[in-house]
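This report describes selected aromatic contacts and strand pairings in one protein structure. Please view the sequence and the model alongside the text.

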Amino acid sequence: MRGLVVLVTLACFATAQHQALIDYLERRLLAIEDRISLWHEQTTRYASELRELKQQMVSQLENLDKEKEALRMNIDSVGTRVDRVERELDYLETQNGAQPCVDVDDKLIEQQVTVVKEKQKSKYSQLSDCSDMISSIKAMKILKRVGGQKGTWTKDTNRASGKVYIFNGTEDDIIHAFASVQDFTRSSGMSLSSTVKLPSAWRGTGHVVYNNYVYYMSQADELKVVKHDLQNNSLTDSAVFPVQDHVPVYGLTPETVIDLAVDEEGLWAIYATQQNERYISLAKMDTTSLDIEQMWDTNCPRENAEAAFVICGTLYVVYNTKQAGRSRVQCVFDVNDMVTSEDAPLVYFPKRYGSHSSLKYNPHEKLLYAWDDGYQILYKLTMKKKLEI
């Protein structure tokens with residue numbers, strides 16, 4: 001009997017040890033599982049942080065590449081800017097020479113003044129063989145009426161582009177772009193347009209769009225010509241117009257101090273100064289550097305002038321003749337001296353609504369884009385050769 005008790009006691013003790021071992025193993029397994037779970041969480045977090053770090057590094061590398069390209073472009077433009085500053089200084093020195101410390105012979109002064117005048121009147125070197133001039137206005141088409149009484153609308157002179165741009169009013173930093181003239185015509189107001197915000201406000205109605213760049217006048221402390229890249233929506237360049245004491249170029253459009261124009265030869269600036277305030281002046285500009293290549297004083301009066309444009313190096317100034325709804329080209333100035341106002345045929349504009357606040361010539365289409373009292377009008381031109389006169 002005692003032996004049986006001993007055996008039962010031993011069996012119970014063995015069972016208790018076995019259960020204790022099982023409990024110990026279960027606790028160890030749970031601890032191992034907790035550690036594996038913690039390791040998995042840490043591994044997942046480290047992998048996520050590594051991916052974020054990789055994305056940040058890629059983004060920083062891309063930004064560095066962009067900054068490198070921008071720096072390279074800025075360095076490339078330094079030479080052009082320095083050249084422009086030197087030319088502007090040369091021009092200012094020519095216009096405002098230093099006062100001599102000693103008496104100078106009057107004949108020598110007269111010779112220097114003559115040299116400057118002859119340089120301004122020197123023969124213009126044509127960039128193309130264009131010799132067309134206006135014979136008459138063949139047709140007139142009123143597209144629609146949108147915007148204020150004054151403004152500008154024009155088409156990009158780049159053959160590959162059909163875009164149309166609307167500058168509503170005489171001062172703003174927003175322009176409206178339409179994919180085509182057809183989109184502009186069928187659009188309800190500006191509904192089919194996209195907007196472009198410029199880095200500064202444009203002034204007047206003298207803006208042009210040339211080869212995917214918009215050129216406009218900005219006036220804060222100084223009167224500047226601004227060149228803005230429409231493809232990248234970025235400021236390309238700007239330059240102070242190197243003429244002092246500006247006055248409005250047209251007597252009937254006082255908001256426009258300088259009117260920019262485009263023809264077969266490139267970019268032009270139509271302007272006026274207090275020194276020669278009765279007449280309009282003309283300048284040829286470099287489209288890349290915005291330098292003034294050559295300047296002319298014309299015999300075209302500012303009084304009663306409402307707008308002007310350039311074709312093949314010939315300036316056409318449009319005047320209000322005070323006849324009912326009629327305007328006409330009354331003064332012509334050819335930089336190559338092939339045509340004069342006396343030789344050119346009288347060109348009358350059809351009866352319209354008010355006064356042209358802008359006339360923009362497209363050399364590829366032979367069309368004038370006109371803004372007349374809020375109406376957007378197209379004039380189709382008939383051309384003839386200058387030598388036929």
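## An aromatic cluster

One aromatic cluster is made up of W153, F178, F184 and Y369. The model is predicted: local features require pLDDT of at least 70 and side-chain atom pairs pLDDT 80 or more, while totals for chains, interfaces and linings use all residues. Residues are numbered from 1 along each chain as its sequence is written, and side-chain values use heavy atoms, leaving out hydrogens and water.

A pair of aromatic rings is described by the distance of the centres and the angle of the planes. Rings of Phe, Tyr and Trp (its six-membered ring) pair if their centres lie within 6.5 Å; planes under 30 degrees apart are stacked, over 60 edge-to-face, and the rest tilted. The whole structure contains 8 aromatic pairs. The pair of W153 and Y369 is edge-to-face because the ring centres are 4.7 Å apart and the planes stand at 65°. This pair links distant parts of the chain, 216 residues apart: W153 belongs to strand β2 (residues 151–155) and Y369 to strand β19 (residues 367–372). Strands are DSSP runs (E, at least two residues), numbered from the N terminus.

Are these two residues buried or exposed? Buried means under 20% relative accessible area, exposed over 50%, and partly exposed in between (1.4 Å probe, protein chains only). W153 has 0% relative accessibility and therefore counts as buried; Y369, at 1%, is buried as well.

F241 lies in the loop between β9 (234–240) and β10 (259–263), and Y271 in strand β11 (residues 266–271), so the pair ties together parts that are 30 residues apart in sequence. Both F241 and Y271 are buried.

A charge sits over a ring if NZ of Lys or CZ of Arg is within 6 Å of the ring centre and within 35 degrees of the ring normal. K144 lies over the face of F184, 4.8 Å from the ring centre. K284 lies over the face of W268, at 5.6 Å from the ring centre.

## Strand pairing

Two strands pair if DSSP finds at least two bridges between them. Strand β14 (residues 305–311) pairs with strand β15 (residues 314–320) in the antiparallel sense over 6 bridges, and I311 stands opposite T314 in β15. In β14, 7 of its 7 residues are buried. The hairpin of β14 and β15 has 2 residues between the strands, and C312 takes a positive phi near 50° there.

Note on methods: Helix = DSSP H or I, 4+ residues; strand = E, 2+ residues; numbered from the N terminus.
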